[in-house]
Amino acid sequence: MPDPEPTYTPLTWDQTGERFYETGVSNGVLYVYDNGAYGAGVAWNGLTNVSEKPTGAEATALYADNIKYLNLISNEEFGCTIEAYTYPDEFAECDGSASIATGVVIGQQKRKSFGFSYQTRVGNDTDGSDKGYKIHIVYGCKAAPTEKGYATINDSPEAITFSWEVTTTPIDVTGYKPTACITIDSTKVNDDTKMTALKTLLYGSTTTPPTMPTIANLLTIFGTQTVVDDGDDGEEEETSNSEVTGQG
């Protein structure tokens with residue numbers, strides 16, 4: 001008896017409840033790296049913009065036998081720009097400043113590394129921007145010197161927006177390439193208990209300090225994902241859906 005013919009579902013677009021978008025930035029937290037570990041997190045008020053800027057992953061073409069032989073892809077790196085109306089006092093050491101007396105600060109000092117987390121909103125056409133949220137966690141950050149522009153107060157006053165260009169050093173993730181940015185999507189996790197556990201770790205509680213999570217912490221909360229070699233092209237293949245994604 002012949003096998004039944006496979007059936008397929010035709011593609012559709014813009015169905016009700018499937019018109020997703022992302023917006024907003026909030027809940028910034030700074031974790032200064034000192035003495036070989038990330039310190040307790042502090043709230044970053046006045047956060048206005050975080051622009052993620054991956055670089056690399058560029059192709060270099062190789063030619064042989066009068067044809068294009070292959071593309072070599074460079075390593076990808078993660079960077080970002082942080083913009084805010086203000087910043088935590090603890091960030092001064094990450095921005096090359098040091099306090100030599102109460103209220104007296106000098107610049108051009110050693111810049112400390114730091115970790116950083118923030119939230120963005122996930123929306124759709126039925127729930128608006130309350131559909132869910134993403135938590136972004138960035139490791140191994142270094143802030144570069146940037147311009148600070150001060151202007152006279154006039155009849156159209158504006159608050160100064162501070163800006164920092166940030167580079168990163170990735171951390172190891174077993175079974176994957178190192179990454180500097182991890183994103184957790186509440187609409188994919190779909191488990192309030194897990195998301196609450198993560199937020200308690202990141203933002204602290206009455207009994208625990210705000211903590212920069214390790215990969216082990218995240219896997220404890222969200223579970224592991226099996227990675228196997230498919231034996232075909234030497235690439236690893238994921239065998240289950242991921243609730244946590246990484247980048248560069």
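Helices (H or I, at least four residues) and strands (E, at least two) are DSSP runs, numbered from the N terminus. On that basis the protein has 3 helices and 20 strands, and strand β6, which spans residues 59-64, holds Leu62. The model is a predicted one, in which local features need pLDDT of at least 70 and side-chain atom pairs count only at pLDDT 80 or more, while totals for chains, interfaces and linings use all residues. Residues are numbered from 1 along each chain as its sequence is written, and side-chain values use heavy atoms, with hydrogens and water left out.

**Overall picture**

- Of the 248 residues of the protein, 28% count as buried, where buried means under 20% relative accessible area, exposed over 50% and partly exposed in between (1.4 Å probe, protein chains only).
- Among the contacts with a separation of 6 or more, 64% are accounted for by residues 24 or more positions apart, a contact being heavy atoms within 4.5 Å.
- The accessible surface of the protein comes to about 16,200 Å², and 49% of it belongs to carbon and sulfur atoms; such areas come from the Shrake-Rupley method with a 1.4 Å probe, and for residues only the protein chains shown count as cover.

**Nonpolar cores**

- In soluble globular proteins, nonpolar side chains tend to be buried together.
- A nonpolar core is a set of buried Ala, Val, Leu, Ile, Met, Phe, Trp, Tyr and Cys residues joined through side-chain atoms within 4.5 Å.
- The largest nonpolar core has 23 residues, of which Trp44, Leu47, Ile82, Phe91, Phe114, Phe116 and Trp164 touch the most other members.
- Two or more residues of this core come from each of β1, β3 (42-44), β4 (47-52), β9 (79-84), β12 (114-124), β13 (128-144) and β14 (162-168).
- A second, separate core has 18 residues, including Ile135, Tyr139, Leu202 and Ile215.
- Not counting residues up to four places away in sequence, Leu47 touches Val25, Ser26, Gly28, Ile82, Glu83, Ala84, Phe116 and Tyr118.

- Val29 is found in strand β1 (residues 21-34) and is buried, with a relative accessible area of 7%.
- Once its neighbours within four places in sequence are left aside, Val29 is in contact with Gly41, Val42, Trp44, Gly115, Phe116, Ser117, Leu202 and Tyr203.
- From Val29 to Met212 the C-alpha to C-alpha distance is 9.3 Å, although 183 residues separate them in sequence.
- Thr179, in strand β16 (residues 176-179), is likewise buried, with a relative accessible area of 7%.
- A polar atom of the Thr179 side chain lies 3.2 Å from the backbone oxygen of Cys181.

**Surface patch**

- Leu62, Tyr69, Leu70 and Leu72 form a nonpolar patch on the surface, and together they have about 370 Å² of accessible area.
- Strand β7 (residues 67-73) gives the most to this patch, with 3 residues.
- Leu62 counts as partly exposed because its relative accessibility is 33%.

**Positive phi in loops**

- Asn35 is found in the loop between β1 and β2 (37-38), and its phi is near 55 degrees, a positive value in a residue other than glycine.
- At 76% relative accessibility, Asn35 counts as exposed.
- Asp65, placed in the loop between β6 and β7, has a positive phi of about 55 degrees although it is not a glycine.
- Asp65 is exposed, with a relative accessible area of 69%.

Terms used: Patch = residues over 30% accessible without salt bridge, like charges linked within 9 Å, V, L, I, M, F, W, Y side chains within 5 Å. Salt bridge = Lys/Arg side-chain N within 4 Å of Asp/Glu carboxyl O. Polar contact = N/O pair within 3.5 Å; in protein donor to acceptor, adjacent residues only side chain to side chain.
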